[in-house]
Amino acid sequence: EVLIAITIMAALTAFTAKSLQDALRNSTKYRRQINETTELRDVLRVIEKDINLAFHYRNVQQEIFNEIEKEGKSQNPGENRFVEEGKNTPSYTHFLGDETSLHFSSLGNVRTIIDSRESDQAEVGYYLGSCRKRAKPTASTQCLWRRTATIIDDKIDEGGVTIPILEDIKSFKLRYIGDSDGSISAEPEWVNSWDSNEGDLQGTSGKFPNAVEITI
């Protein structure tokens with residue numbers, strides 16, 4: 001009877017130990033998944049805020065000059081001079097995106113130094129690239145990078161400071177939605193690229209997209 005009791009106690013002890021081990025393993029796994037989900041949600045909030053603050057300045061005067069040029073040069077030499085000046089007016093607000101990266105001008109700049117000579121405008125960009133893991137610097141992985149530049153220039157996808165904001169990313173895909181022909185009554189459609197400074201058949205020239213789809 002004593003041997004039977006000892007055998008039963010040993011079996012119960014082994015079962016209890018295995019149950020506790022499985023519970024601890026599952027707890028660690030679920031905690032890691034919760035942390036990853038929380039980190040991903042926070043990053044998406046940052047991207048959403050940046051895109052919602054995307055700023056596009058419409059140079060109405062330049063658009064009028066371009067329309068005059070399309071219809072034909074005026075017979076008035078003074079008007080022709082203004083047409084040429086309007087044609088060469090630079091536009092620094094820009095939205096440039098493809099399937100794996102996007103760069104745009106935004107009103108989300110926060111001045112960290114009082115009275116610093118910065119405006120609310122900034123260049124913001126997101127793209128996928130290699131980086132070092134924080135927990136293991138000797139190992140490399142794919143990271144989502146965020147680029148910011150406090151000075152907007154004609155190179156919307158260059159310059160500034162870049163930092164990795166999310167590690168171990170397998171893919172970063174983007175799509176953009178806008179009017180098919182640029183008119184208000186047109187049905188919107190998804191496109192894989194956007195360039196507000198170039199004329200094309202997708203109706204992206206001269207405007208920012210109505211929405212951006214992000215898949216991580």
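1. Arg147 and Glu123 are both buried. The model is a predicted one. The side chains of these two residues meet in a salt bridge, at 3.3 Å from N to O. Arg147 belongs to strand β4 and Glu123 to strand β3, so the pair ties together parts 24 residues apart in sequence.

2. How many salt bridges are there? The count comes to 7. As a general point, side chains of opposite charge can pair when their charged atoms come close.

3. Look next at Arg134. The side chain of Arg134 meets that of Glu39 in a salt bridge of 3.2 Å, N to O. Arg134 sits in the loop between β3 and β4, while Glu39 is in helix α1; the pair therefore ties together parts that are 95 residues apart in sequence. Arg134 also forms a salt bridge with Glu167, at 3.4 Å from N to O. Glu167 lies in the loop between β5 and β6, 33 residues from Arg134.

4. Glu39 is partly exposed, at 28%. Glu167 counts as buried, because its 18% is under the 20% cut-off.

5. Now the sheet. It is open and has 6 strands, in the order β5-β4-β3-β2-β1-β8, with antiparallel pairing. β5 and β8 (194–195) stand at the edges with a single partner strand each, so one side of each has no neighbour in the sheet. Inside the sheet, 10 bridges join β3 to β4 (residues 140–149).

6. The largest nonpolar core has 19 residues. Phe95, Leu102, Tyr126, Leu144 and Tyr176 have the most contacts inside it. At least two core residues come from each of α1 (2–52), β2 (101–106), β3 (122–132), β5 (161–166) and β6 (173–179). The largest share, 3 residues, comes from α1. In soluble globular proteins, nonpolar side chains tend to be buried together.

7. Finally, Thr93. Where is Thr93 placed? Thr93 is in the loop between α3 (77–87) and β1 (95–97). Thr93 is buried, because its relative accessible area of 6% is under 20%. Its side chain makes a polar contact of 3.2 Å with the side chain of His56. Beyond its neighbours within four places in sequence, Thr93 is in contact with residues including Phe55, Tyr57, Ser105, Asn197 and Phe208.

Notes: Residues are numbered from 1 along each chain as its sequence is written. This is a predicted model: local features need pLDDT of at least 70, side-chain atom pairs count only at pLDDT 80 or more; totals for chains, interfaces and linings use all residues. Side-chain values use heavy atoms; hydrogens and water are left out. Helices (H or I, at least four residues) and strands (E, at least two) are DSSP runs, numbered from the N terminus. Buried means under 20% relative accessible area, exposed over 50%, partly exposed in between (1.4 Å probe, protein chains only). A polar contact is a pair of N or O atoms within 3.5 Å; within protein, one must be able to donate a hydrogen and the other to accept it, and residues adjacent in sequence count only if both atoms are side-chain atoms. Contact means heavy atoms within 4.5 Å. A nonpolar core is a set of buried Ala, Val, Leu, Ile, Met, Phe, Trp, Tyr and Cys residues joined through side-chain atoms within 4.5 Å. Two strands pair if DSSP finds at least two bridges between them. A salt bridge is a side-chain nitrogen of Lys or Arg within 4 Å of a carboxyl oxygen of Asp or Glu.
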